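Please find below a colleague's note on the structure shown here. The points are numbered and may be read in order.

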Amino acid sequence: MIENRPIITLISHITLILGVMIIAFPIWVTFVAATHDAVRMVQVPLPLWPGNHFFDNLKQAMVRGIAGGGDLGVGMMLLNSLAMAMMIAVGKIAISLLSAFAIVYFKFPFRMGFFWLIFITLMLPVEVRIIPTFEVVANLNMLNTYWGLSIPLIASATATFMFRQTFLTIPDELLEAARIDGAGPMRFFKDILLPMSRTNIAALFVILFIYGWNQYLWPLLVTTEQDMYTVVMAIKQMLETAEQAPEWNIIMMTTLLAMMPPVLVVIFMQKLFVKGLTETEK
Amino acid sequence: MLKRVHFGPSVLPFLLVAPQIIITIVFFVWPASQALYQSLLIQDAFGLRTEFVWFENFEVLFDDEHYLGTFQRTIVFSVLVASISMGFSLILAAMADRVIKGAMAYRTLLIWPYAVAPVVAGALWVFMLDPTLGIVTYGLAAMGYEWNHKLNGTEAMTLVVIAAAWKQVAYNFLFFLAGMQSIPKSLIEAAAIDGAGPVRRFWTIIFPLISPTTFFLMVVNIVYAFFETFGIIHAITQGGPAKSTEILVYKVFNDGFVGLDLGGSAAQSVILMAMVIALTVVQFRYIEKKVEYS
């Protein structure tokens, strides 16, 4: 505190509280919508205070979905989203750890060539190469599979860069000591590098889980069978059917279900999240 | 870059980089080169004949008023998203930096929208502003304003900008707050002793000192608005009404997957790639600078 000016502090708090309210308002409205029945949700004005149909809506969303949605519950889609997010996060971390290890700790031909090749992926977000990437995945018969959903997204320069940075800060003496004790490269990787990068791995996992869970365009292209849909995609389909028969209570329940896992991860692993966010972006 | 103490050449490092390199080549380099190649081809309507046309696709694009309009729209959209989102977070971060007590609680309450998927953000906002049922629409009607983003292009644009900016506030806030908290308190105390009030201190000390953060966020926000807002637009407006919210990324998808104009879509992809490369270069130059000064 530089100076004691209660009025300015009060103004700061009020501004912040207003800011929080503006940011949270959409979620509040969504939550309220998910607690009312379909009848209430077509009467203007819509409610601003929760009703008591939360669990009915939850059950309906999980089991049946919305009318005209092919009787497809959200339960399966949540599992698909989870599988995709986990595969993307674990896959990215695994391949990036290995390649960063090779680039930092080995002298071998084309080392820098490989490094630049990895760097290029930074410049090719999936949005700008969707059609040819889609063709590759289709030719490899990976449409409608978990592999097709996740593998094209797991090459990542940022994760490799971050691990490279982490490894560069690990003292050289550790490798010397490990060698004197007779440890080979993989032993050194497993017993020294991995434990020492634990927090970085966890921080990256948080970011990548959110990234994977929230994928939209890619799953939209590679899945055509309903039992492979992810929950984030389902929202869009529900919004389309909402044009005819708006079951906003179920749609908003699904929306809540789709955003809860990553939001909870951010709130409960805030420290790791902040670390991951600030370190991967540099 | 390489450790002073390292392992000698063997097969092992090749095996270690192999998974990443193979995935990069199969799913990044190859498709990107295909996009480059396809951008030089024209396919007839039935996909039977393909003709190599050099840069005709690009010429067509740059003569196309629709495309130029999309370009312009994308720039307006990105500038609006970046400035609204950054302005809002800058104010909040400045306040949170002041209050000490509860700063972390405010941070928790402000950063979670980062985790909301763009489509989900779109769904939240489209529900609140639904022309017949939306709660905000109702409020606006009570004030005498009739909102219908399904008919009015400006309102549609406003809606996607708000939804996109809302989602990005979390990220900007986090970086602004971190930037402000890393400014030595002694600087601000010295200014206070010299009689500078809080507003003056903000503009003469805090704001100039966080300018690297501001610049970094500007690049990140523009990249975000260019590429990651696809879901928001797809959920809220599908580029409509009358293409008033169609931005470049949406047009690539729409021309390629819906319109099946592969050559034109590939040419657009190539232009987008050039833009990402330019933005990445800008971002990296900035990082180099930052290392120099610190």
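This is a predicted model: local features need pLDDT of at least 70, side-chain atom pairs count only at pLDDT 80 or more; totals for chains, interfaces and linings use all residues.

1. Confidence. For the complex, the predictor reports an ipTM of 0.85 together with a pTM of 0.88. The average pLDDT of chain B is 84, and 93% of its residues score at least 70.

2. Overall form of chain B. The chain contains 13 helices and 2 strands. Its C-alpha trace spans about 75 × 75 × 30 Å along the principal axes. Of the 294 residues in chain B, 43% are buried. When contacts with a separation of 6 or more are considered, 69% of those in chain B join residues 24 or more positions apart.

3. Helix 3 and helix 4 of chain B. Two packed helices are described by the angle between their axes and the distance between the axes. Helix 3 (residues 65–99) of chain B packs against helix 4 (residues 103–111) of chain B at an angle of about 150°, and the axes are 8 Å apart. How are these two helices of chain B oriented to each other? An angle over 145 degrees counts as roughly antiparallel, and helix 3 of chain B and helix 4 of chain B are therefore roughly antiparallel. On the side of helix 3 of chain B, the contact involves Leu92(B), Ala96(B) and Val99(B), which meet Ala103(B), Tyr106(B), Arg107(B) and Leu110(B) in helix 4 of chain B. By class, this contact has 6 nonpolar residues, no polar residues and 1 charged residue.

4. Helix 3 and helix 7 of chain B. Helix 3 of chain B also packs with helix 7 (residues 153–181) of chain B; their axes come within 7 Å and cross at roughly 40°. The two helices are therefore oblique to each other. The crossing of helix 3 of chain B with helix 7 of chain B is right-handed. The residues of this contact comprise 19 nonpolar, 5 polar and 1 charged.

5. Val223(B). This residue lies in helix 10 (residues 211–228) of chain B. Is Val223(B) buried, partly exposed or exposed? Val223(B) has 19 other C-beta atoms within 10 Å, whereas a buried residue needs 20 or more and an exposed one has 12 or fewer; Val223(B) is therefore partly exposed. The C-alpha atoms of Val223(B) and Met275(B) are separated by 9.3 Å, and the two residues are 52 residues apart along the chain.

6. The contact between the chains. In the complex, 84 residues of chain B are in contact with 82 residues of chain A. Helix 1 (residues 12–38) of chain B supplies the largest share of the side of chain B that touches chain A, namely 19 residues. That side of chain B has 68 nonpolar, 12 polar and 4 charged residues.

7. A helix pair across the two chains. Helix 12 (residues 231–241) of chain A packs with helix 5 (residues 118–128) of chain B at an angle of about 35°, with the axes 9 Å apart. The crossing of these two helices is left-handed. From helix 12 of chain A, the contact is made by Val232(A), Ile235(A), Lys236(A) and Leu239(A); from helix 5 of chain B, by Val119(B), Val120(B), Ala123(B) and Val126(B). By class, the residues of this contact are 7 nonpolar, no polar and 1 charged.

Technical notes
Residues are numbered from 1 along each chain as its sequence is written. Chains are lettered from A and ligands numbered from 1 in the order in which they are written. Two residues are in contact if their C-beta atoms, placed from the backbone, lie within 7 Å. Helices (H or I, at least four residues) and strands (E, at least two) are DSSP runs, numbered from the N terminus. Ala, Val, Leu, Ile, Met, Phe, Trp, Tyr, Cys and Pro count as nonpolar, Asp, Glu, Lys and Arg as charged, and the others, Gly among them, as polar. Axes are lines fitted to C-alpha atoms, for helices over the stretch in contact, and angles run from 0 to 180 degrees between N-to-C directions. Angles under 35 degrees count as roughly parallel, over 145 as roughly antiparallel, 65 to 115 as roughly perpendicular and the rest as oblique. pLDDT is the predictor's confidence in each residue, from 0 to 100. A crossing is left-handed if the near helix is turned anticlockwise from the far one by less than a right angle, and right-handed if clockwise.
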